Amino acid sequence: MLLRVFSFLLLLVFCSSCHFFKSDTKQIEKQLLDTIVDFSTVDNSPSFAVCDSLINKEKKDNCFRLTIHEYIAKSLTKNTIKVKDSINEVVFVYLVINTEGKVTLKEIKSSEKVVKEIPNLDSIISVSLQGFPKMYPAIKRGIPVVTQYKLPIRIRQKKDVETN
């Protein structure tokens, strides 16, 4: 009798330590992780052709930011903007980059002072978006996706002094 109990316990220890009886929780966890998609981030940010040769993701993002700021700044400096009161404010421009890499203006958030002093700011920025160089869309899981980009623009304009 004692031999039977001992052999039963020994068999139970061997069976419980075997991988055959172990549930495959790692496979289930991997499958769950594989199906969860974070839509707030992308694998590759949008980029311009000049930034495409960079491998480091951070450098590529910085290149994209600098290039987009350069083109908007060049466009804004081409326009003569006259104001009645000095302005030194930040305007937020929301851009949408579609799956083909085309940029459209979604909205501009600015103070009432900026709207009052520069009522045609949205049209100036819209025109500047048309002159963008080739852009590649953001990539998520190997698929081009639509992204929104928030572009802060500091507007500093001194009050026009009219001479008589």
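Start by selecting strand S7 (147-157): S7 gives the largest share of the lining of the largest pocket, seven residues. Strands here are DSSP runs of E, at least two residues, and helices are runs of H or I, at least four, numbered from the N terminus. Before you click on, note that this is a predicted model, where local features need pLDDT of at least 70 and side-chain atom pairs count only at pLDDT 80 or more, while totals for chains, interfaces and linings use all residues. Residues are numbered from 1 along each chain as its sequence is written, and side-chain values use heavy atoms, with hydrogens and water left out.

About 240 Å³ lies in the largest pocket. Of its 15 lining residues, show Ala 73, Leu 76, Ile 153, Arg 154 and Ile 155, the closest to the centre. Colour the lining by class and you get nine nonpolar, four polar and two charged residues. (Nonpolar is Ala, Val, Leu, Ile, Met, Phe, Trp, Tyr, Cys and Pro; charged is Asp, Glu, Lys and Arg; the others, Gly among them, are polar.)

For the record, a pocket is an open set of points on a 1 Å grid over the protein atoms alone, where a 1.4 Å probe fits, with protein on both sides within 12 Å along at least five of seven lines; lining residues have an atom within 4 Å of a point. Points are joined across faces, edges and corners, and the volume is the space filled by probe spheres set on them.

Next stop: the second largest pocket, at about 190 Å³. Its lining includes Asp 61, Phe 64, Arg 65, Thr 147, Gln 148 and Tyr 149. H3 and S7 turn up again, each supplying at least two residues.

Which strands sit in the open sheet with S7? Select S3 and S2: the order is S3-S2-S7, with antiparallel pairing (two strands pair if DSSP finds at least two bridges between them). S3 (103-109) and S7 are the edge strands, and the twist averages 30° from one strand to the next.

Finally, bring the helices back. H3 lies across S2 and S7, at about 45° to S7, and H5 (residues 121-130) lies across S2, S3 and S7, at about 155° to S3. Contact means heavy atoms within 4.5 Å; axes are lines fitted to C-alpha atoms, for helices over the stretch in contact, and angles run from 0 to 180 degrees between N-to-C directions.
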